Amino acid sequence: AADRCGGIDSYATVEDGAAGSELFRYYMPDKEDKAMVEKLQAKYPTAMPYFFTQDPDYITVKERVAKNCADGSEATGVATIDIAVETLKVAEYLTPLLKEQLK
């Protein structure tokens with residue numbers, strides 16, 4: 001199960017369906033990220049807060065893409081349009097299968 005909770009908080013749980021017990025819970029942002037989010041919210045009060053939890057990732061992507069534009073080097077770890085299209089095909093294939101399993 002997962003819950004975006006609105007705002008910047010999200011969590012996902014793994015449960016033992018047979019026993020009905022929670023096996024694991026992950027929160028985002030974690031304690032370390034929350035400190036960074038608070039700092040960015042103070043610095044950029046009019047920005048959408050959900051961007052702050054992904055700030056380090058955005059910086060990495062922007063640096064890799066900018067380097068690709070500047071010198072033609074591969075933007076390692078950044079999905080291409082072709083990868084995005086193939087990923088959506090997988091999602092479209094899996095969606096009805098997973099919905100059926102969740103019934």
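This report walks through the strands, helices and some side chains of a predicted model.

## Ground rules

Residues are numbered from 1 along each chain as its sequence is written. The model is predicted, so local features need pLDDT of at least 70 and side-chain atom pairs pLDDT 80 or more, while totals for chains, interfaces and linings use all residues; side-chain values use heavy atoms, without hydrogens or water.

Helices (H or I, at least four residues) and strands (E, at least two) are DSSP runs, numbered from the N terminus.

## The hairpin

Start with strand β2, residues 10-16, and strand β3, residues 21-28. They pair in the antiparallel sense, over seven bridges. Two strands pair if DSSP finds at least two bridges between them.

β2 and β3 form a hairpin with four residues between them. Gly20 sits in the turn, and its phi is positive, about 70°.

## Two tyrosines

The structure holds two aromatic pairs. In one of them, Tyr11 and Tyr27 have ring centres 6.0 Å apart and planes at 45°, so the pair is tilted. Rings of Phe, Tyr and Trp (its six-membered ring) pair if their centres lie within 6.5 Å; planes under 30 degrees apart are stacked, over 60 edge-to-face, and the rest tilted. Tyr11 lies in β2 and Tyr27 in β3, so the pair ties together parts 16 residues apart in sequence.

How accessible are the two residues? Tyr11 counts as partly exposed at 23% relative accessibility. Tyr27 is also partly exposed, at 47%. Buried means under 20% relative accessible area, exposed over 50%, and partly exposed in between (1.4 Å probe, protein chains only).

Helix α1 covers residues 31-43. Its 13 residues should span 18 Å at 1.5 Å a residue, and its end C-alpha atoms are 19 Å apart, which agrees. The expected span is 1.5 Å times one less than the number of residues.

Thr53 lies in the loop between α1 and α2. Thr53 counts as buried, because its relative accessibility is 11%. Beyond neighbours within four places in sequence, Thr53 is in contact (heavy atoms within 4.5 Å) with Ile8, Met28, Pro29, Met36 and Val37.

## Helix α2

α2 has 17 residues and reaches 24 Å from its first C-alpha to its last. That is close to the 24 Å expected. Gly72 follows α2 and has a positive phi, near 80°.

Val65 is in α2. At 33% relative accessibility, Val65 counts as partly exposed. Leaving aside neighbours within four places, Val65 is in contact with Ala75 and Val78. Val65 and Val78 are 13 residues apart along the chain, with their C-alpha atoms separated by 7.9 Å.
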